[in-house]
Amino acid sequence: MSTVTHDIVGKLWNLCNVLKDDGVTYHQYVTELTYLLFLKMAKETNTEKHIPAGYRWDDLEAKAAPDRLEAYKLTLIHLGSHGSRLVKEIFANASSFIRKPATLSTLVAEIDKLDWYSARQEGLGDLYEGLLQKNANEKKSGAGQYFTPRPLIDSMVAVMQPTLDDVIQDPAAGTGGFLIAANHYLREHNDPDSWTEAQQRKYRRNTFFGMEHVQDTHRLALMNLMLHGIESDPDAGGIHYGDTLSPEGEALPKATLILTNPPFGTKKGGGLPSRTDFTFPTSNKQFCFLQHIYRGLKSGGRAAVVLPDNVLFEGNVGRQIRADLMDKCNLHTILRLPTGIFYAQGVKTNVLFFTRGETDKGNTKEVWVYDLRANMPQFGKRTELKRDHFEEFEKSFGKDPLGFSKSLKKRKETGEEGRFRRFERSWIAERNDSLDISWLKDDSDTSTEELPEPAELATEAMTELEGMFEELQAILAELGEEVEA
């Protein structure tokens, strides 16, 4: 992020203080700011044709201060059903958290004062993503659960090497980070000006697909994609509002590349997902998403997926799904991620890299595990995760995003003390198909320290209490009082 963008992001973020008296949370503030920024940025980028006349930025600004809040609320309602598809989706069910006319007037005035010329030069997409990152880093907002660190996203995209021929999908799109990074990689490694008309059409209509089931997050994603130049075609790509674990998810087209960080945990209220096409029904969301992903890949399609540790070792249906994955796909690489890189500090995660086979049997012959968790810093606000931390992993991964056997033979095991090792499928099968594999002694991990048995703790506590009681008896005896035990 450039200095100019960083400065504007800081000023926009500080405007949240204006809303504190109205009891607005950080996440609500970013949503509110999205409505206002959409109107302002449409003016700055000369795209106001998508917004009905009378409901644009200048119309809002022209209102008398006491009447502006009421006009703004009517604008939100009107744009939820008028204008282009993108406008209607961003303002779907929109409502304002602002309660005081003076608060809105302050926001409008401060937004208008920003250096929008410089912001356009630097890239409005980077500015907006900077806001989303601020929100994710603010633990009270809870937004970190869907904001994957950008260095991790960029590393996953780099080793997967998206091409113009790809159909790229994120079934748990969040704010669109993976699709935006894939788009950036595509444009950086190609010359868009040289694309034919057919390639341009393919790029716009049949390259980026996603689904997000939280409406507020969906509107942030649409705004993010728009500002990064990814069009949302009404009949083609883009991020759709819906639940991937419902029949809506079955409508996502088969992909050649899936990049995602699906939600962890169990389905709200328990029970199974409403999709009926999963071979192994389960209420565990990450196992459901994993099934969607490897079932949703075309033959030869590849995936890079962030998943928590329990996916690697859970028994029963978990073991069945892992076995099915290793049959249908070549699960060639697992990256054990450092702890603390997501807002929930204790969450331990991995990236699984796999390629769908030509057949549905015996595709995984060996699994390479790269341990980037053991003896790593405690990441957080003090120690920031950077792209440099993935440099050695990317070198070890190699140049082939498919992980075919000929490229795997070029990989080098780093031995007992190194971070990269190979494990035969037969050895994994002997361990009940557990993929929770580690070999490095982690000097930074204090979670494995032996704790006393509960019985020992109880005995120690009783001994201490008896000693205190005896001391009390002695003191009272000196005072000439008798104490009965």
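Is N316 buried or exposed?

*Solution.* Before we start, note that this is a predicted model, where local features need pLDDT of at least 70, side-chain atom pairs count only at pLDDT 80 or more, and totals for chains, interfaces and linings use all residues. Residues are numbered from 1 along each chain as its sequence is written, and side-chain values use heavy atoms, leaving out hydrogens and water.

Step 1: get the cut-offs. Buried means under 20% relative accessible area, exposed means over 50%, and partly exposed is in between (1.4 Å probe, protein chains only). Step 2: look up the value. N316 has a relative accessible area of 70%, so N316 is exposed. Helices here are DSSP runs of H or I with at least four residues, strands are runs of E with at least two, and both are numbered from the N terminus. Step 4: check the backbone. N316 isn't a glycine, yet its phi is positive, at about 55°.

**Exercise 1.** Now try D433: which loop holds D433, and is D433 buried or exposed?

*Solution.* Step 1: D433 is found in the loop between α20 (425–430) and α21 (454–478). Step 2: its relative accessibility is 7%, so D433 counts as buried. Step 3: D433 is another residue to check for phi, which is positive at about 60° although D433 is not a glycine.

**Exercise 2.** Work out the strand order of the open sheet, and say which strands stand at its edges.

*Solution.* Step 1: know the pairing rule. Two strands pair if DSSP finds at least two bridges between them. Strands of a sheet pair through backbone hydrogen bonds, either parallel or antiparallel. Step 2: read off the order. The nine strands run β3-β2-β1-β4-β5-β7-β6-β8-β9, and the pairing is mixed. Step 3: find the ends. β3 (238–241) and β9 (420–424) each have a single partner strand, so one side of each has no neighbour in the sheet.

**Exercise 3.** Follow β5 and its two pairings: in which sense does β5 pair with β4, and how does β5 run with β7?

*Solution.* Step 1: with β4, the pairing is parallel, over five bridges. Here L257 stands opposite R302 in β5. Step 2: with β7, the strands run antiparallel, joined by seven bridges. P308 faces T349 of β7 across this pairing. Step 3: check the cover. Nine of the twelve residues in β5 are buried, making β5 mostly covered.

**Exercise 4.** Describe what α10 lies across and how covered α10 is.

*Solution.* Step 1: α10 (residues 150–160) lies across β4 (255–260), β5 (297–308) and β7 (349–356), at about 155° to β5. Axes are lines fitted to C-alpha atoms, for helices over the stretch in contact, and angles run from 0 to 180 degrees between N-to-C directions. Step 2: α10 is mostly covered, with nine of its eleven residues buried. Among them are P151, L152 and I153. Step 3: the buried residues of α10 pack against α11, β4, β5, β7 and α18 (391–397); contact means heavy atoms within 4.5 Å. Step 4: look just past the helix, where Q161 takes a positive phi of about 50°.

**Exercise 5.** What does N183 touch beyond its neighbours in sequence?

*Solution.* Step 1: N183 belongs to helix α11, which spans residues 177–188 and lies across β1, β2, β3 and β4. Step 2: N183 has a relative accessible area of 4%, so N183 is buried. Step 3: leaving aside neighbours within four places in sequence, N183 is in contact with Y203, F208, H228 and I230.

**Exercise 6.** At what angle do α5 and α7 pack, and which residues make the contact?

*Solution.* Step 1: α5 (residues 65–79) and α7 (residues 101–113) pack at about 90°, with their axes 8 Å apart. Step 2: name the angle. α5 and α7 are therefore roughly perpendicular; the cut-offs are under 35 degrees for roughly parallel, over 145 for roughly antiparallel, 65 to 115 for roughly perpendicular, and oblique for the rest. Step 3: the contact comes from A65, P66, R68, L69 and Y72 of α5 together with P101, L104, S105 and V108 of α7.
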